[in-house]
Amino acid sequence: MTKITRRKLLYTGLATGAAIATTRCASPKGTPNNPAPGPEVNTNQIKDVTLRLIGTGVSQINEIRDKAQEDLGFKLEMRALSTQENNQIAITQPDQYDIFDGEYFSLPLVIPSGNLQPIAVSKIKAWDKIVPFFTSGKFDGLPVEKSQGTAPYKVMYLAGADSTEFSATPTDFATLIPFQYNADTLGYRPDLVGRTIKSWGELFNEEFKGKTSILNIPQIGIMDAAMVAEALGLMTFGDKGNMTKEEIDKITNILKEQKAKGQFRAFWETFDESVNLMSSGEVVLQSMWSPAVTAVQSKGIECIYAPLDEGYRGWGGGIGLSKNLSGIQLDAAYEYMNWMLEGWVGAFLGRQGYYSAAPETAKKYMSAEEWDFWYEGKPAAVDMVDPFEKTLAKAGAVRDGGSFKDRFGNIVCWNSTMQENTYLVQKWNEFIAS
Amino acid sequence: MAKAWTNVKPYLLATPQAIALGLFLVFPIVLIGVVSFWEFNGYSMTPAFTLDNYIGIFTSDVTLKTYLNTFKFVGLTWLFTLLIGYPVAYFLSFHVPKLRWQVLLFLLCTIPFWTSNIIRMISWLPLLGREGLVNQLLVGAGLTQQPLEFLLYSDFAVVLGLVHLYVIFMIAPIFNSLMRIDRTLITAAEDMGASGVSVFKEVILPLSAPGIAIGSIFIVTLVMGEFVTVRLMGGGQAASIGKLIQTQIGSLQYPLAAANAIVLLAVTFAVVVSILRLVDIRKEL
């Protein structure tokens, strides 16, 4: 009798184990349920509209959704994804979203799928208030005008209403309205490094052997590596944002050498990983995203987002329209875009260290002290508090890298999608396996 | 009529399971197989019949290196889960007298499952990190001058993570087969004058072989496709086939990833078949 009970229990145990294994392997994906409003009842009732947004975790913020719903009267559903999932869904599952919130460098992949419809520039009220670099590639003659890679203005316009070709000159058909953007650089722990870091080249410095890290997303990691190699004079590039096969070979060889030497402690893929690496002291110098630096600082650990001699690597994201939008839903989407440029959102993002697409509209929602600290690079007159009540900078502190002009103006390359993307991924895998 | 019914009945009973397996297992795998012959560019894939994906895989030395590395993880994980799992299962079945205690202790072994990947990622750091507990202990006790760097973000860490995670899959089937051994056989062997060692060698080990085989199949199939633990514990510096496929999927190279998945499936299948040829696990079932 006992024997049967035993066996039963064992089998149940085995089954549970198997069940756990299965659930661990499966990754359930939610299917957003958006009942399209029936046209005959709702034709002129914008408040019954629900817009579904997809975007990365950094951009899908509940506070913005709530405020938008309150101001605009219709509903927004936000879905936070990783950069790669976001692109995958944008390209392969166009029915899953109404508004795409993605990075400019993903456009050479997303636009050919035909899943986005052009934004009519004439319907965007604050278009002329958007930072001119996005709309015309101009920015006071500063280095950013000559930056390499998938700079936003290069993929800002489409040739025609039904076109999937980019236009080099401004047209009435835009791809994305800028939403979040920033100038990325190396972050370091001044307490563990013990001096000021001024060049990208320091990432390969023997002094920090086994204590550095780079980003393990091929398209972004390669740009950081290129900045380092160029800074050290190890090699030069025709265009870092569009490397040739030979250049990719050469840069991956340099990376392999560094890996074999034990220069890197680890590679990171998610925001949290980079924060953990830095705050635990496993890594003292690494390529980082600006909110990650803020996250380390908010743990009471000193972390500097270094302004470097060679300049910054820029990234920018914006929102675009799904081709499925029409009628009242399309109107709602335009209302949302106009609301986004109106200023409240810009100020909200500005308090977290991002820049607004249209800074002058954001200015009226920020206090003079906030504006001076975040945009002008002046010492904080009072403690800087972000929208989530966290103090990001004490009174007297100065933003790393200084003013908007100094930081944005010195972007020398952008996150990129290269023509040799497939080859790049292959070589990157080789590097990881080496 | 009644006879025909008897003949049909087992097939009818098996139908729901067959449909479910066909729909959710066989069909997707066939699809992956089909896609593996497609062409792709940076953003889309087009139906075609090209062998380029496979040629790419078999001509690249990255594939070989990555497979060797994956086999290394499989081998080491298998060895350590067996070395840990067998004694644990043996202890549970032969030295714990009460069923209640056996079950309770067995449940204890499942604890590693209760933690999510995120928790593990965060919790290994303060333990194994450069300034972690282990290093503090070693340096504090004067055993080493410098903190040991290999404890985290290394192959050592990957194997440690995998063993910690999967040892239960070795314990459970071995425990199961040990429990089923007729205790009178052991008594008989002892009556015939066999020593403890030879009882183990001649009676217990052969009878528990099917359990070891099942455990090994679990370990092989789980570790061959591993990428999360490899990435988190290896700090992204260690390669495995699963990780390679994940990077390709992330870069929207589905056909290439599919081709790799098919090769991985074939290799894993070959290993499982050879395990099955060594041990007749049907005795167990």
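User: What radius of gyration does chain B have, against that of a compact globule of 285 residues?
Analyst: This is a predicted model, in which local features need pLDDT of at least 70, side-chain atom pairs count only at pLDDT 80 or more, and totals for chains, interfaces and linings use all residues. Residues are numbered from 1 along each chain as its sequence is written, while chains are lettered from A and ligands numbered from 1 in the order in which they are written. The radius of gyration is taken over C-alpha atoms, and the globule rule is 2.2 Å times the number of residues to the power 0.38. A compact globule of 285 residues would come near 19 Å, but chain B has 24 Å.

User: What does the C-alpha trace of chain B span along its principal axes?
Analyst: The elements of chain B run α-β-β-α-α-α-α-α-α-α-α-α-α-α from the N terminus on. Along the principal axes, the C-alpha trace of chain B spans about 85 × 70 × 30 Å.

User: How are helix 9 and helix 17 of chain A oriented to each other?
Analyst: The axes of helix 9 (residues 245-261) and helix 17 (residues 421-433) of chain A come within 9 Å and cross at roughly 15°. Axes are lines fitted to C-alpha atoms, for helices over the stretch in contact, and angles run from 0 to 180 degrees between N-to-C directions. Angles under 35 degrees count as roughly parallel, over 145 as roughly antiparallel, 65 to 115 as roughly perpendicular and the rest as oblique. Helix 9 and helix 17 of chain A are therefore roughly parallel.

Technical notes. Helices (H or I, at least four residues) and strands (E, at least two) are DSSP runs, numbered from the N terminus.
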